[in-house]
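Subject: Structure handover

Hi,

Here is the structure I promised to pass on. My notes follow right below it.

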Amino acid sequence: MIGPHSHAHWEEEQLGKALDLRLLRRLLRFARPYWKLFLFALLLSGGISVLELALPYITKIAVDEVLVLPWVEVKSETPPTENAVHLGEGRYLVREKDLPGELREELELRGAIAGRWLLIPKDSPEAEVALRHPHLFFPTSDGYAISEEGLKNLPRKEIWTLRAPQYRLLGILALIFLGFLIMRFGLGYGRVYTLYSAGQRIMFDMRREIFSHLLRLPMSILDREPVGRLVTRATNDVAAINEMYTRALVNLIQDFFMMLGVLAIMFRMNARLTLLLLAFAPVIGALAFSFRRKARAAYREARRILAQLNAYLAESLSGITVIQLFRQELRSFQRFREINREFLRAQMRTIMAFGLFGPAVAVMQNVALAFLIWYGGRGVLAGVFTLGGLIAFTSYIRNLFQPLVRFSEEYNVLQAAMAAAERIFYFLDLPREPSGKKPVPALRGEIEFRDVWFAYNDEDWVLKGVSFRVRPGEKIAIVGPTGAGKTTIISLVLGFYRPQKGRILIDGVPLEDLDLAEYRKNVALVPQDVFLFTGNVWENIRMWNGGLSREEAERAAKLVGVHDYILRLPEGYATDVKERGMRISLGERQLLSLARAVAADPKIVILDEATANVDSHTEALVQAALEKLMAGRTTIAIAHRLSTIRNADRVLVIHEGELVEEGTLAELLAKKGLFWALWQLQFAGASDSRA
């Protein structure tokens with residue numbers, strides 16, 4: 001049996017690794033049915049990455065091929081390249097892209113590069129502009145040349161005529177750029193829709209499995225778990241894992257390939273500059289490691305305190321009546337404020353870690369950009385780097401560093417998901433309620449305890465060697481002081497717990513061998529504190545039994561005498577009872593509980609003093625309904641009132657976990673033992689008061 005403090009110990013200490021691959025594998029099990037959606041999202045992400053890599057390169061082409069004049073003037077005694085155009089007086093026009101980098105750098109150092117020119121072929125339509133402005137154009141063997149300064153002196157219309165091919169190319173590049181942006185929008189929309197669609201389905205599956213597991217947990221675990229903590233497992237924790245599926249995992253993969261693509265392009269454009277920029281990587285890696293270490297503890301602490309906050313809130317709402325009755329609003333508020341303050345502090349620690357990492361990486365990005373402008377700008381001036389290449393490099397630097405900035409956010413999501421996964425899988429790994437496989441035949445209702453020993457914790461025995469037998473159709477009352485073990489006997493009969501020693505037999509078959517679900521179909525419990533579920537009266541009577549007709553539910557209500565009351569409700573059987581049945585009085589709730597038991601047609605009836613909390617008039621109604629319910633059925637009742645004991649065939653007296661007396665009412669009174677003493681203290685007084 002799991003100890004009472006094992007979960008709290010696990011919550012605070014057994015927290016595992018920061019990124020547990022075992023947990024990831026288990027989480028991916030929920031994603032496996034939707035692998036096609038994730039694959040499609042990855043393909044969309046790949047398309048987005050390609051487009052984002054292409055956009056800066058389009059800018060580079062626009063600058064280098066359109067905006068910058070393609071020819072440079074070189075002062076040299078001999079032609080610097082084979083295709084150089086002679087201008088005379090030791091000057092040549094050379095197409096810039098034909099100049100090798102080392103030669104361009106050497107010419108820049110010698111001051112041999114004078115300026116940029118535009119060369120118009122003699123047989124082109126644009127040559128007419130040169131003929132109209134001979135004072136601005138220089139005739140060469142290949143055509144007409146005009147300097148960058150001379151070009152500025154031409155009318156705008158003439159410039160348009162001269163550079164018409166470049167303007168057309170610029171228009172094409174702009175359309176391509178716009179088309180890529182539209183495609184980027186479409187792919188981004190498809191990616192978000194696909195991921196969130198898969199995420200919602202995964203959340204649906206996880207919540208279903210968590211709640212299904214919750215319904216099958218043994219009572220020994222549920223007794224210890226705060227309701228708020230269980231609610232957190234199925235809500236906050238599942239939402240945190242959804243964030244991992246919809247954001248972190250695919251983004252990390254996309255960012256990884258984006259960084260590879262950026263580096264490939266940057267190395268192709270300028271390997272030396274790329275290597276120099278990569279010198280910033282160790283600094284960013286150190287920042288990421290420091291952030292991961294600090295964020296790990298902060299996130300887990302925040303999740304732990306959030307579970308406490310939810311648990312305390314749920315407990316306070318459940319007990320709000322008691323809090324107000326005993327004027328404990330201030331104390332409850334102060335306690336909630338303390339937990340809330342702890343949660344705020346934990347959240348602030350996570351914000352501090354994130355707040356330091358994001359700006360630090362952003363600063364490193366700006367430092368790298370400043371270095372790029374300085375070093376790359378010198379390269380442009382030296383001719384070893386084009387202006388378009390420098391502009392593209394600045395965009396690629398952002399594309400290189402942006403995933404690192406996003407990494408802090410994605411790590412935030414991953415950290416929260418890992419903490420949530422640890423708790424969810426701890427919960428899902430809790431053993432389910434043990435049940436046998438033996439089918440339950442037509443139950444007669446015989447119950448036998450054979451030397452039963454039971455303890456909730458270790459060997460703190462609540463029952464000690466209890467043995468008794470209830471014949472089919474017999475009515476047994478169990479009495480005893482508070483804490484004697486009466487409710488424990490009922491819990492064992494219902495199969496909520498298993499005894500550590502001894503056996504419980506149902507119709508001669510060990511209870512642990514029976515299929516509990518089938519067995520409980522034959523057992524009805526009428527508790528002292530009736531619980532009605534949110535919904536209408538009809539649903540609460542039939543308890544979602546699809547095989548029970550409305551007529552049968554009405555027949556059960558008539559049998560226990562609650563039918564007329566139900567008809568007086570605003571909507572009759574369709575009346576919503578509200579949460580926990582607060583819309584209905586305590587007595588009517590008890591009668592509805594009896595109608596629920598009658599509708600189930602059980603072979604065994606368990607009564608946890610069904611008349612303890614009702615007035616005398618309602619008690620008479622309930623007692624009459626109980627007589628109809630118990631007729632021909634095996635009944636075990638915890639007895640506190642005289643009426644219950646008088647109707648019993650036999651009375652069992654429990655004291656300190658042991659069966660000390662057993663017999664009929666008359667036999668036990670004649671013994672003048674413990675039952676007689678209890679009778680004198682309570683039952684005789686009740687009898688006298690009613691006389």
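Contact here means heavy atoms within 4.5 Å. With that cut-off, and leaving aside neighbours within four places in sequence, V509 is in contact with K438, I504 and L514. V509 sits in strand β11, residues 509-510. V509 counts as buried because its relative accessibility is 17%, and buried means under 20%. K438 lies 71 residues from V509 along the chain, with 9.3 Å between the two C-alpha atoms.

Confidence

Please keep in mind that this is a predicted model. The chain has a mean pLDDT of 82. Of its residues, 91% reach 70 or more. Among the elements of the chain, strand β7 (residues 447-455) has the highest mean pLDDT, 95. Helix α1 (residues 6-12) has the lowest, 41. The pLDDT is below 50 over residues 1-16, a stretch with 31 contacts in the model beyond near neighbours in sequence. It is also below 50 over residues 686-691. There, 4 contacts are made beyond near neighbours in sequence.

Two packed helices are described by the angle between their axes and the distance between the axes. I looked at two pairs that involve α11.

The crossing is right-handed. On the α3 side, the contact includes F38, L42, S45, I48 and S49. On the α11 side, it includes Y245, V250, I253, Q254 and M258. What is the make-up of the contact of α3 with α11, in nonpolar, polar and charged residues? The residues divide into 12 nonpolar, 4 polar and 3 charged.

S49 is worth a look within this contact. S49 belongs to helix α3. S49 counts as buried because its relative accessibility is 7%. Not counting residues up to four places away in sequence, S49 touches Q254 and M258. Both Q254 and M258 are among the α11 residues that make the contact with α3.

The second pair is α8 (residues 164-215) with α11. These axes come within 9 Å and cross at roughly 145 degrees. This crossing is right-handed too. From α8, residues including R191, L195, Y196, G199 and Q200 take part. From α11, they meet residues including V238, A239, I241, N242 and Y245. The contact of α8 with α11 divides into 11 nonpolar, 6 polar and 3 charged residues.

α8 also holds F185. Is F185 buried or exposed? F185 is exposed, because its relative accessible area is 63%.

Helix α20

α20 covers residues 550-559, and its buried residues are A553, A556 and A557. They span an arc of only 100 degrees around the axis, so they lie on the same side of α20. The buried residues pack against α19 (537-542), α21 (563-568) and α22 (586-600). E551 and R555 are exposed, on the face turned away from the buried side of α20. After α20 comes G561, with a positive phi near 80 degrees.

Loops and backbone

Most residues other than glycine have a negative phi. Two aspartates have a positive one. D458 has phi near 50 degrees. D458 is placed in the loop between β7 and β8 (461-470). D458 counts as exposed because its relative accessibility is 71%. For D601, phi is also near 50 degrees. D601 is in the loop between α22 and β13 (604-608).

One more loop residue is T81, between β1 (71-75) and β2 (85-88). Where does T81 fall, buried or exposed? T81 counts as buried, because its relative accessibility is 15%. T81 touches V94, D98 and L99, not counting residues up to four places away in sequence.

Best wishes

Key. Residues are numbered from 1 along each chain as its sequence is written. This is a predicted model: local features need pLDDT of at least 70, side-chain atom pairs count only at pLDDT 80 or more; totals for chains, interfaces and linings use all residues. Side-chain values use heavy atoms; hydrogens and water are left out. Buried means under 20% relative accessible area, exposed over 50%, partly exposed in between (1.4 Å probe, protein chains only). Helices (H or I, at least four residues) and strands (E, at least two) are DSSP runs, numbered from the N terminus. The arc is that of the directions from the helix axis to the C-beta atoms. A crossing is left-handed if the near helix is turned anticlockwise from the far one by less than a right angle, and right-handed if clockwise. Ala, Val, Leu, Ile, Met, Phe, Trp, Tyr, Cys and Pro count as nonpolar, Asp, Glu, Lys and Arg as charged, and the others, Gly among them, as polar. pLDDT is the predictor's confidence in each residue, from 0 to 100. Axes are lines fitted to C-alpha atoms, for helices over the stretch in contact, and angles run from 0 to 180 degrees between N-to-C directions.
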